[in-house]
Amino acid sequence: MRRIRAAAVGAVTLSLVLAAAACGGGSSGSEGSNEQPRTLTYWATNQGANLEVDKKVLQPELDKFEKETGIEVKLEVVPWGDLLNRILTATTSGQGPDVLNIGNTWSASLQSSGALLPWDAKNFEAIGGKDRFVDSALGSTGVQGQDPAAVPLYSMAYALYYNKKMFADAGIQKPPATWAEMAETGKKLSKNGTWGLGAEGSNLSNNIHQVFVLGKQHNADFFTPDGKADFTSDGAVAAVKQYVDLMAKDKIIAPGNAEYAQNQSLSDFAKDKTAMVLWQTASATFKAQGMSEDEWGVAPAPVQSGRPGPGAAANSMVAGINMAVFKNTKNIDGAKKFVKFMTSDEEQVILNKAYGSIPPVKTAQQDPAFNTPALAVLRETLATSAAALPQVPEESQFETVVGTAVKELFAEAAAGRPVTTESVRAKLEKAQQQMPKK
Amino acid sequence: MTLTAAPETGERTARKNSPGGARGPRRSGRLRRVGLPYLLLLPALILELLVHLVPMVIGIVVSFKELTQFYVRDWGTAPWAGFDNYSLAIDVNAPVGEALLRSFATTCLFTLSSVGLCWLLGTAAAIFMQETFRGRGLLRTVFLVPYALPVYAAVITWAFMFQRDNGLVNHVLHDQLGLTDTPPFWLIGENSFVTLLVVSVWKGWPFAFLIMMAGLQNIPREIYEAAALDGAGVWQQVRRITLPSLRPVNQVLVLVLFLWTFNDFNTPFVLFGKAAPEAADLISLHIYQSSFQTWNFGAGSAMSVLLLLFLLVVTGAYLLLTSRGRKATDA
Amino acid sequence: MPSHSRRPVRSPMAAPRSFLWSRRIFLTLLTGFVLLPVYVMVSSSLKPLQDVSGAFRWIPSGLTVRPYFDIWETVPLADYFMNSLIVAGSATVCSVTIAVFAAYAVSRYSFRGKRVFTVTVLSTQMFPGILFLLPLFLIYVNIGNATGIALFGSRGGLILTYLTFSLPFSIWMLIGYFDSVPRDLDEAAKVDGCGPLGALFRVVVPAAVPGIVAVAVYAFMTAWGEVLFASVMTNDTTRTLAVGLQGYSTQNDVYWNQVMAASLVVSLPVVAGFLLLQRYLVTGLTAGAVK
């Protein structure tokens with residue numbers, strides 16, 4: 001028995017030693033170096049119809065970059081489902097890409113981990129200056145008052161897409177501009193198995209985007225100016241309730257949408273089952289679904305009253321993709337060159353055209369390619385009436401807990417249970433308590 | 001685990017009676033012989049140490065740290081949190097602890113139901129197929145298909161079938177049989193528990209079937225013949241001979257199924273994605289969400305450690321009880 | 001499907017009606033339950049996209065083999081397949097080999113710490129994967145930094161991880177199986193001049209083939225289907241099928257017909273192999289697990 005104990009003690013000691021060795025590691029070389037000036041690793045996000053499409057879009061540009069600079073870029077397109085985990089492992093281990101794309105709403109969260117290169121004046125100078133970028137896009141690059149953690153790459157905005165054929169069949173002349181009109185129009189369209197509006201009730205990020213904008217319209221921000229969670233203000237409750245009521249009270253969203261999380265609402269739209277969707281840059285998707293450009297129209301997303309504008313008249317979040325450099329890259333100069341290349345006017349036009357997004361670079365925006373009716377609406381929205389999601393380190397937790405709350409409320413609405421101000425407030429109260437204590 | 005509790009075969013008992021093993025009385029190669037078993041065990045030991053034990057120890061260390069997104073970049077700098085992560089996890093009056101407790105209760109209920117149903121189906125099928133009949137071989141092959149299918153392929157198919165608007169399940173229940181007024185949801189809301197259970201049982205029962213079939217082959221035919229001579233019918237034979245003979249097999253089977261089901265991550269993850277509905281929020285997925293979605297690994301580790309403690313206690317108690325129970329019956 | 005033989009093999013007495021009827025009903029229902037998803041998988045994989053993204057229909061409106069060609073274009077399925085094959089194959093070979101050695105030691109020798117070893121190894125079976133996912137990844141990274149052996153992100157790391165998943169169960173199974181191989185056999189071999197390892201490979205292993213096959217099948221399936229570790233520990237070039245199949249739900253749509261076709265394609269070799277080996281499986285388990 002004593003020997004067994006001795007063996008056990010030995011095993012535990014050994015483990016502890018190994019554990020200490022393992023814990024001691026982590027990232028080294030915090031400010032980057034130029035040890036490997038000939039290569040770069042680049043993680044791109046999935047912007048096209050599938051991963052292969054992305055590779056086809058990006059690879060020729062990367063070849064161009066190699067020709068210009070002699071730096072070979074190894075591309076990996078990371079699926080959205082894996083991206084956050086991959087960034088996490090890269091952050092913890094210090095073994096990551098040199099350059100990567102991130103969803104712009106993650107900027108502040110990732111900034112707080114300290115893994116990304118801060119874009120101070122000097123770094124911005126290396127890629128042509130901060131004032132090349134549109135202000136709204138810069139508003140989604142990190143906590144205010146700190147150096148941005150990333151540089152805008154693609155911009156997107158929400159708009160109201162409508163199915164022209166279904167509108168014509170129902171005798172509707174123009175898309176709704178306010179929520180009251182939305183309810184009215186939606187009711188006309190919701191009959192005989194077709195529905196007015198589509199939603200992705202189980203998609204947490206999408207839920208957040210929608211209720212955040214509605215929150216703006218109710219003068220609620222979900223975070224106090226000093227960064228504390230504030231989910232239960234009257235405005236926030238009203239915003240969430242208004243969104244869920246589109247299904248619960250107005251009944252213009254099909255109950256089945258409560259379980260949608262994989263863009264089924266867009267597929268319904270393309271199949272003439274749903275007349276409207278609130279979506280960001282959906283044109284490429286519609287095309288992939290076999291819808292031609294003249295079958296759908298696009299209009300600014302609704303507001304409470306009047307016309308879209310700043311503040312309470314906001315009708316979109318600032319959506320988009322940012323580009324970041326890992327702090328401990330072994331090719332810091334090459335990484336900056338690559339960011340400069342990707343944000344150059346020429347590449348911005350090529351890439352944003354391929355993905356149906358808007359360039360966040362002012363001069364590139366002037367290209368006629370972004371002046372189509374569909375893109376003009378998005379550009380206008382971005383310029384005048386889009387608001388950045390809260391730039392706080394707890395943004396990802398916010399998406400998880402509030403997005404889940406909205407998902408659960410949709411589930412209740414879909415099951416025919418009443419959604420009241422009290423039930424909404426209770427859900428949000430619970431969500432707020434799950435946020436980390438500050 | 002189950003090794004120590006498995007019934008002693010004649011050989012093992014014989015060996016026990018001659019302590020030190022039956023190796024010859026020669027002493028010359030003693031050192032080599034003493035070293036050999038350790039050498040043989042070394043690869044297994046090193047690997048288990050590397051992949052399971054050391055990481056577990058690190059996990060326990062982390063559970064005492066405040067390891068959030070602010071510190072993941074360099075773990076060493078994360079401040080010690082004492083028992084903060086634990087008190088957060090077990091404070092059932094606060095939402096985090098309450099959610100953990102609910103998830104734990106859901107998992108227990110789910111595990112009990114799933115293991116029970118798997119056992120029932122597996123045992124019944126094995127007993128019904130003990131005798132040969134035409135098509136038995138084919139049927140056995142068919143029954144093993146769910147076990148052979150890769151988890152994600154099977155679960156994705158079920159997710160496809162459980163869609164509310166376009167799925168097979170509602171097509172049958174609502175459109176064809178008219179059992180419900182409105183098509184129910186299966187992937188969100190309360191029904192998701194049933195969904196998870198169905199998929200889990202579908203996937204898990206063939207293992208019970210396989211083990212039970214193997215167990216039945218160990219029952220000597222003479223016992224049945226003797227019973228038949230005594231006038232026992234088929235049902236009586238099942239009750240008096242088959243089921244009691246399967247007891248030691250059951251002990252192993254139930255424990256293995258319990259551990260697999262309790263720790264199952266793949267099924268709910270593929271079925272519901274990263275945020276499972278409350279009714280199907282199994283503990284491993286819950287912990288995954290608490291640590292990976294929000295990058296709070298201190299809290300996540302604390303929850304995992306609590307889970308591990310629970311499993312240790314349950315498994316230990318189970319082994320103690322079942323082996324004592326058997327000793328009593330053996331005596 | 002189950003037919004009714006009147007000639008029971010083991011029971012000298014004919015089974016009563018009630019037994020036959022309940023058997024027929026039970027087995028028919030069970031067959032339906034088991035085959036339902038298989039039918040859905042096969043039929044959906046042959047449907048055009050409109051069919052699978054619309055209301056369910058038992059009979060496809062038209063049949064197409066397009067999905068079976070498209071699956072290779074949408075995601076690099078062939079690469080994922082190779083990765084899975086290499087990872088699961090190597091993990092299986094290593095796991096079985098290591099388990100054979102360990103089980104032989106436990107079965108044939110009595111030595112100090114035997115109990116500690118078996119209890120420790122077997123108890124790892126109950127560790128929740130979520131607890132050691134991140135620490136394990138850290139260890140791999142540190143080993144990589146210290147020695148230059150790339151474990152993280154490589155197939156090697158995944159092989160190492162997966163083989164330990166199946167190791168405890170494999171060792172335990174094989175101990176049971178080896179115990180059932182009469183010791184006189186290896187003693188005789190030793191008398192004939194074989195060393196302990198000679199006895200293992202010439203006598204014990206050949207006698208334990210069914211058990212070893214059963215263990216190998218289990219190890220292979222464990223590695224083939226794992227999702228959690230694969231999603232964190234693989235990259236573009238080493239991604240396995242379990243993670244790769246998620247590529248069919250894209251930005252635009254879920255290509256359900258392709259998902260089903262791909263699922264079927266990746267399942268077929270495993271299911272076929274499994275079913276071919278099922279005879280061994282039952283005999284292997286009979287001696288190993290349930291004795």
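Guide: Helices (H or I, at least four residues) and strands (E, at least two) are DSSP runs, numbered from the N terminus. This is a predicted model, where local features need pLDDT of at least 70 and side-chain atom pairs count only at pLDDT 80 or more, while totals for chains, interfaces and linings use all residues. Residues are numbered from 1 along each chain as its sequence is written, and chains are lettered from A and ligands numbered from 1 in the order in which they are written.

Let's begin with chain A, which has 18 helices and 13 strands. Its radius of gyration, taken over C-alpha atoms, is 24 Å, close to the 22 Å that the globule rule (2.2 Å times the number of residues to the power 0.38) gives for 438 residues, so chain A is as compact as a globular protein of that length. Its C-alpha trace spans about 75 × 65 × 40 Å along the principal axes. Of those 438 residues, 58% count as buried, meaning that 20 or more other C-beta atoms, placed from the backbone, lie within 10 Å of the residue's own.

Among the buried ones you can find B:I283, B:L285, B:H286, B:Y288 and B:F292. B:S284, B:S290, B:S291 and B:Q293 are buried too.

Key: Buried ≥ 20, exposed ≤ 12 C-beta atoms within 10 Å, placed from the backbone.
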